[in-house]
Amino acid sequence: MTTSRRRTALATLGGAALMATFPLSALAQKKIVLGFSQIGAESEWRTANSESIKSAAAAAGIELKFSDAQQKQENQIKAIRSFIAQKVDVIAFSPVVESGWEPVLREAKAAKIPVILTDRAVNVKDDSLWVSFMGSDFLEEGRRAGRWLVDKMKDVKGDVNIVELQGTVGSAPAIDRKKGFEEVIKADAKFKIIRSQTGDFTRAKGKEVMEAFLKAEGKKINVLYAHNDDMAIGAIQAIEEAGLKPAKDITIISIDAVKGAFEAMIAGKLNVTVECSPLLGPQLMQAVKDLKAGKTLPKRIVTEESVFPMEVAAKEFPNRKY
Ligand code: GYE
């Protein structure tokens, strides 16, 4: 046998061996297609979340159709409709607000395409319109922020005047972070929320609204509770521009624990951040695979998180992944 003939024979043998272990149908099997509708790119958190989903899909060999809604529910609805038309295997999305999803979710169900909610919840009567919701417990995050404050101010006798920067109006994290925080601070009447307004989860809006708070209330403000780090970082600028010292003249609490918050804590400008992890990609891809393998997903998958006060910021910083 010549060398080239031997090669052909070996190749054929190799092919046969391969076929014995992987039937042709498996070899020819199509990649799983996942349609994902993201809210936008409003915060450091969101950027890390998008990155986590894209890299986890690539690592899992899942074909990802990624659509950015630029903060608009109507764009998310359009994206989901287009995923249905393209007959993707699974749809996942992070709903910008809680309400108004019934019609499009019914369309997905009628097309027999399972829907996974990531990060934020929807408010629909019929729970069968989505298979699983994975993400943080925002109520608990609000409570953690409240508990930190109650403990920090336990020896304060007079009023503690709080201003609140809320997240996007109608979004699950804005609703629940407010509720959880209020639930804890109401135990003591000295805690008073004197102003509360949305900063839409962005730095620019956080700064703008904090400027307005400072103009209206000035030195009366003892505490800022921001529903995310980006708004707190914007507000820190406003506080400094008003000639006050962030984290000293005004105690600042925020949520997410992104790197920018750690930098602010290390610089002594932010007191505490409550963790909310955006790294949902690997979990989501596992869930998509499980669904395709016919498994039933748990209805709720909760992310585990903690709280980081400024005293531990420098030590924790090198471990942060987002
Ligand atoms: O806290 C905020 C982002 O839904 C948990 O959205 C997420 C929130 C996050 O823009 O920074």
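Colleague: How many residues does helix α11 have, and how far does it reach?

Modeller: In this predicted model, helix α11 covers residues 281–292, which is twelve residues. From its first C-alpha to its last it reaches 17 Å, close to the 16 Å expected at 1.5 Å a residue.

Colleague: Which residues in α11 are buried?

Modeller: The buried ones are Gly281, Leu284, Met285, Ala287, Val288, Asp290 and Leu291. An α-helix has 3.6 residues a turn, so residues three or four places apart point the same way.

Colleague: And what covers the buried residues of α11?

Modeller: The cover includes the strands β1 (33–38), β3 (90–93), β4 (115–118) and β5 (132–135). Helix α3 (44–60) is also part of that cover.

Colleague: What follows α11?

Modeller: Gly294 follows α11, and its phi is positive, near 85°.

Colleague: Let us turn to α3. How many residues does α3 have?

Modeller: Helix α3 has 17 residues. Its reach from first C-alpha to last is 24 Å, close to the 24 Å expected at 1.5 Å a residue. After α3 comes Gly61, with a positive phi near 70°.

Colleague: Which residues of α3 are buried, and what covers them?

Modeller: Buried in α3 are Trp45, Arg46, Ala48, Asn49, Ser50, Ser52, Ile53, Ala56 and Ala57. Their cover includes β1, β2 (63–68), α9, β9 and α11.

Colleague: What about α8: what are its length and its buried residues?

Modeller: Helix α8 (residues 203–217) has 15 residues and reaches 21 Å between its first and last C-alpha, close to the 21 Å expected at 1.5 Å a residue. Its buried residues are Gly206, Lys207, Val209, Met210, Phe213, Leu214 and Glu217. Covering them are elements that include β6 (160–166), β7 (191–198), β8 (223–226) and α9.

Colleague: Which residues have the most contacts inside the largest nonpolar core?

Modeller: They are Leu149, Ile162, Met210, Ile250 and Ile253, in a core of 49 residues. Helix α9 (residues 229–241) gives the largest share of this core, six residues. Apart from this core lies another of 22 residues, among them Val33, Val88, Ala121 and Val124.

Colleague: Returning to Leu149, what is it in contact with?

Modeller: Leaving aside neighbours within four places in sequence, Leu149 is in contact with Ile162, Phe181, Ile185, Phe191, Val223 and Ile253.

Colleague: A change of topic: what is the phi of Asp119, and where does Asp119 lie?

Modeller: The phi of Asp119 is positive, about 70°, although the residue is not a glycine. Asp119 lies in the loop between β4 and β5.

Colleague: Why does Asp119 count as buried?

Modeller: Asp119 counts as buried because its relative accessibility is 4%, and buried means under 20%.

Colleague: And Asp256: what is its phi, and is it buried or exposed?

Modeller: Asp256, also a residue other than glycine, has a positive phi near 125°. Its place is in strand β9 (residues 251–256). Asp256 has 3% relative accessibility and therefore counts as buried.

Colleague: Finally, the chain as a whole. How many helices and strands are there?

Modeller: The chain has twelve helices and twelve strands. Its C-alpha trace spans about 95 × 50 × 30 Å along the principal axes. Of its 322 residues, 50% are buried.

Terms used:
Residues are numbered from 1 along each chain as its sequence is written. This is a predicted model: local features need pLDDT of at least 70, side-chain atom pairs count only at pLDDT 80 or more; totals for chains, interfaces and linings use all residues. Side-chain values use heavy atoms; hydrogens and water are left out. Helices (H or I, at least four residues) and strands (E, at least two) are DSSP runs, numbered from the N terminus. Buried means under 20% relative accessible area, exposed over 50%, partly exposed in between (1.4 Å probe, protein chains only). A nonpolar core is a set of buried Ala, Val, Leu, Ile, Met, Phe, Trp, Tyr and Cys residues joined through side-chain atoms within 4.5 Å. Contact means heavy atoms within 4.5 Å. The expected span of a helix is 1.5 Å times one less than its number of residues.
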